[in-house]
Amino acid sequence: MERTILCLMVIFSGTVAHKSSLQGPDRFLIRMHQLIDIVDQLNNYVNYLGPEFLPAPEDVKRHCEQSAFSCFQKVQLKSANAGDNEKIINVLTKQLMRKLPPTHAGRRQKQRLMCPSCDSYERKPPKEFLERLKSLIQKMIHQHLS
């Protein structure tokens with residue numbers, strides 16, 4: 001009887017361990033931390049970015065974060081001059097445009113409230129654009145964890 005119970009406990013704990021390993025790390029959080037690193041790298045090249053003003057969402061309403069993030073993704077950061085910096089800026093910008101992994105909040109947001117259009121946001125220089133993007137990413141991480 002004791003062996004049967006012990007055997008069942010081992011099987012049960014193995015099943016639980018297997019299920020938790022299938023879930024793996026949180027892909028959304030990993031991607032968001034990658035995005036913060038990319039924004040930090042772009043900040044190193046902010047002096048090489050074109051001087052044009054870009055729509056930069058700020059004080060984004062709850063449940064409009066994905067919409068605001070897509071506004072940041074639609075913007076084309078351009079290098080002010082050709083050369084090695086231009087190649088690096090282009091690679092980093094392409095990495096910013098990759099889709100985010102799905103989240104439960106993202107699925108609920110499909111029926112999102114009326115969020116402002118990208119054109120309605122105030123236009124800012126590249127440095128402030130990147131600061132606001134980083135702030136939005138941090139807000140999305142915080143909301144995902146809460």
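Here are my notes, entry by entry.

**Entry 1: ground rules.** I am working with a predicted model, where local features need pLDDT of at least 70, side-chain atom pairs count only at pLDDT 80 or more, and totals for chains, interfaces and linings use all residues. Residues are numbered from 1 along each chain as its sequence is written, and side-chain values use heavy atoms, with hydrogens and water left out.

**Entry 2: the whole chain.** I looked up the secondary structure and found 6 helices and 2 strands. These are DSSP runs numbered from the N terminus, with helices being H or I of at least four residues and strands being E of at least two. Along the sequence I read the pattern α-α-β-α-α-α-β-α.

Next I checked burial: of the 146 residues, 34% are buried (under 20% relative accessible area; exposed is over 50%, partly exposed in between, with a 1.4 Å probe and protein chains only). The accessible surface is about 10,000 Å², and carbon and sulfur atoms hold 56% of that surface (Shrake-Rupley method, 1.4 Å probe; for residues, only the protein chains shown count as cover).

I then turned to contacts (heavy atoms within 4.5 Å). Of those with a separation of 6 or more, 89% join residues 24 or more positions apart.

**Entry 3: H2 against H6.** Two packed helices are described by the angle between their axes and the distance between the axes, so I looked up both. H2 (residues 27-44) packs on H6 (residues 126-145) at about 165 degrees, with the axes 10 Å apart. Here axes are lines fitted to C-alpha atoms, for helices over the stretch in contact, and angles run from 0 to 180 degrees between N-to-C directions. That angle makes H2 roughly antiparallel to H6 (over 145 degrees; under 35 is roughly parallel, 65 to 115 roughly perpendicular, the rest oblique).

The crossing of H2 and H6 is left-handed, meaning the near helix is turned anticlockwise from the far one by less than a right angle. On the H2 side I noted, among others, Phe28, Met32, Leu35 and Val39, and on the H6 side Leu130, Ile137, Met140 and Leu145 are among the partners. The residues of this H2 and H6 contact divide into 13 nonpolar, 4 polar and 3 charged. Nonpolar covers Ala, Val, Leu, Ile, Met, Phe, Trp, Tyr, Cys and Pro, charged covers Asp, Glu, Lys and Arg, and polar takes the others, Gly among them.

**Entry 4: H2 against H4.** The axes of H2 and H4 (residues 84-96) come within 10 Å and cross at roughly 155 degrees. H2 is therefore roughly antiparallel to H4, and this crossing is left-handed. Arg31, Leu35, Ile38, Val39, Gln41 and Leu42 in H2 meet Ile89, Leu92, Gln95 and Leu96 in H4. By class I have 7 nonpolar, 2 polar and 1 charged residues for H2 with H4.

**Entry 5: Tyr45.** Which residues does Tyr45 contact beyond its neighbours within four places in sequence? I found Asn85, Ile88, Ile89 and Leu92. Tyr45 sits in the loop between H2 and strand E1 (54-55). Its C-alpha is 7.4 Å from that of Ile89, 44 residues away in sequence.

**Entry 6: positive phi.** Most residues other than glycine have a negative phi. I looked up two exceptions. Asp59 has a phi of about 50 degrees, lies in the loop between E1 and H3 (65-74) and is exposed at 71% relative accessible area. His63 has a phi of about 80 degrees, is found in the loop between E1 and H3 and is partly exposed at 42%.
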